[in-house]
Amino acid sequence: MHDIRMIRETPEVFDAAMKQRKSDVSSADVLAIDAARRAKISAAEEAKAAQNAASKEVGAAKAKGDDAEFERLRALVGEKKAEVARLNDEAKAEDDKLTDLLMGLPNIPMADVPDGDSEDDNVEINRWGTPRRFPFKPKEHFDLPGVIPGMDFETAAKLSGSRFVLLKGAVARIHRALAQFMLDTHVENGLTETWTPVLVNEAMMYGTGQLPKFGEDSYQTTNGQWLIPTSEVTLTNIVNGETVEEAKLPMRMCAHSQCFRSEAGSAGRDTSGMLRQHQFEKVEMVSITKPEDSRAELDRMTAAAESILETLLLPFRTVVLCTGDMGFGAERTHDIEVWLPGQQMYREISSVSVMGAFQARRMNARFKPADGGKPEYVHTLNGSGLAVGRCLIAVLENGQQADGSVELPVALHPYLGGKTTLDPFGTLI
């Protein structure tokens, strides 16, 4: 959420940012509501002062035996009391209107974020590995002979509908191994492994920005709770309403969780295979930092996600998202795209973002400076480290052989009991 003081003091900065983010809301729209809210608050304070003054005079009039003045003042007190209540209600209504408007506005991009309208305007900042040249036409993951026995879309559709998958046997084991490998790597790099709920209260979804704007993208239960679209929601909201000591920052956490997304608005996209599912697993990274440290933390988190792919020997590229392609709450985002031979293209496998104080202001999450200064909003960051299902796809497609088997990355061998290959019949050997 935006700082209303910043909009008052530098409306031109706000307007330029909203134009970059393709929002039609201007500072004039925001400040008109803010002015009405402040006017109601000021009028309520004036009415309260008049009420208090009249209340003091009531006793004096009664003591003098001036019944007429006593009744006039008593009536005035009642009028001012009702006026105060009315003005406070009107001020709250304007405040709610302002909050709702600010809650629905995207974050302000960092100055070094490329301007643009779509993914075509994203800028590549890193490329690692060379896509393998196959002596045959590479297949997509769901067509690989060794994968077909362990990746069952038909049964999943019977159980749950479209965009679900049932993993079995060796494929399920490789999927599990990938998640374990990611967690172990991140813990070795200093992140605290965390296990979180997948059901959250509505306030938590507001805290990280999924609500109110993106409610249709998530699943809500009949009791008003929400299934998390990512453990960013739970990890980040650990500091919701808290004021932490500066010495505890940065807080670096990771979690492996089930994630649930309705994929509203994505009809017809990536319907084959398990690239885009309603239920999937992800290892998420979240950092809570001081404001001056967040930009460097973005680079550290990006490198941590990239290192997973490097260790698995999967070619990838990293791009900075332009203003028109960047997520709602981000100040700057690095997307990591892994090479998929079956599609002959790079596809997103991680998105790492610095949110600044955008989420912290929504959550009222602050830190107390060590020098005893006034508490400040923390900065929050999040990133996939990585999407497990998409990593499974990349491992299977990049390791495929002409006979339908899959050579598995060396880094996974210890997690698979020393097995090195998925044979054409779906068995680890």
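**Entry 1: Asp299**

I began with Asp299, which at 38% relative accessibility counts as partly exposed, and I placed this residue in helix α9, residues 294–311. I am working on a predicted model, so I note each value below as computed from that model.

**Entry 2: aromatic pairs**

I then looked up the aromatic pairs, of which the structure holds six. I went through Phe214 and Phe328 in detail: their ring centres are 5.4 Å apart and their planes stand at 80 degrees, over the 60 degrees that the class requires, so I record the pair as edge-to-face. This pair links distant parts of the chain, 114 residues apart, since Phe214 is in the loop between α7 (202–208) and β6 (219–220), while Phe328 is in the loop between β11 (316–320) and β12 (332–340). Phe214 is partly exposed at 27% relative accessibility, whereas Phe328, with a relative accessible area of 11%, is under the 20% limit and therefore buried.

Phe328 also pairs with Phe358, again edge-to-face, with 5.6 Å from centre to centre and 75 degrees between the planes. Here the partners are 30 residues apart, and Phe358 belongs to helix α10, residues 358–363. Phe358 is buried, its relative accessible area being 2%.

**Entry 3: charges over rings**

I found the charged end of Lys62 over the ring of Phe70, at 4.9 Å from the ring centre. The charged end of Arg366 likewise sits over the ring of Tyr377, in this case 4.2 Å from the centre.

I looked next at Ala365, which I located in the loop between α10 and β14 (366–368) and found buried, with a relative accessible area of 0%. Leaving aside neighbours within four places in sequence, Ala365 is in contact with Val239, Glu242, Ala360, Glu376, Tyr377 and Val378. Gly150, by contrast, is 215 residues from Ala365 in sequence and 44 Å from Ala365 in space, C-alpha to C-alpha. Asn364 lies in the loop between α10 and β14 as well, but is partly exposed, with a relative accessible area of 38%.

**Entry 4: backbone checks**

I kept in mind that most residues other than glycine have a negative phi, and that most peptide bonds are trans. Asn364 has a positive phi of about 55 degrees although it is not a glycine, and Lys22, also not a glycine, has a positive phi of about 65 degrees. I placed Lys22 in the loop between α2 (11–20) and α3 (27–64), where this residue counts as partly exposed at 48% relative accessibility.

Two cis peptide bonds went into the notes: the bond from Leu211 to Pro212 has omega near 5 degrees, and the bond from Gly385 to Leu386 has omega near 20 degrees. Pro212 lies in the loop between α7 and β6, while Leu386 is in strand β16, residues 379–387.

**Entry 5: α6 against α11**

Last, I looked up helix α6 (residues 169–188) and helix α11 (residues 388–398), whose axes come within 9 Å and cross at roughly 115 degrees, in a right-handed crossing. Val171, Ile174, His175, Leu178, Ala179 and Met182 of α6 meet Val388, Gly389, Cys391, Leu392 and Val395 of α11. I noted the residues of this contact as nine nonpolar, two polar and no charged.

Definitions and conventions: Residues are numbered from 1 along each chain as its sequence is written. This is a predicted model: local features need pLDDT of at least 70, side-chain atom pairs count only at pLDDT 80 or more; totals for chains, interfaces and linings use all residues. Side-chain values use heavy atoms; hydrogens and water are left out. Rings of Phe, Tyr and Trp (its six-membered ring) pair if their centres lie within 6.5 Å; planes under 30 degrees apart count as stacked, over 60 as edge-to-face and the rest as tilted. Helices (H or I, at least four residues) and strands (E, at least two) are DSSP runs, numbered from the N terminus. Buried means under 20% relative accessible area, exposed over 50%, partly exposed in between (1.4 Å probe, protein chains only). A charge sits over a ring if NZ of Lys or CZ of Arg is within 6 Å of the ring centre and within 35 degrees of the ring normal. Axes are lines fitted to C-alpha atoms, for helices over the stretch in contact, and angles run from 0 to 180 degrees between N-to-C directions. A crossing is left-handed if the near helix is turned anticlockwise from the far one by less than a right angle, and right-handed if clockwise. Contact means heavy atoms within 4.5 Å. Ala, Val, Leu, Ile, Met, Phe, Trp, Tyr, Cys and Pro count as nonpolar, Asp, Glu, Lys and Arg as charged, and the others, Gly among them, as polar.
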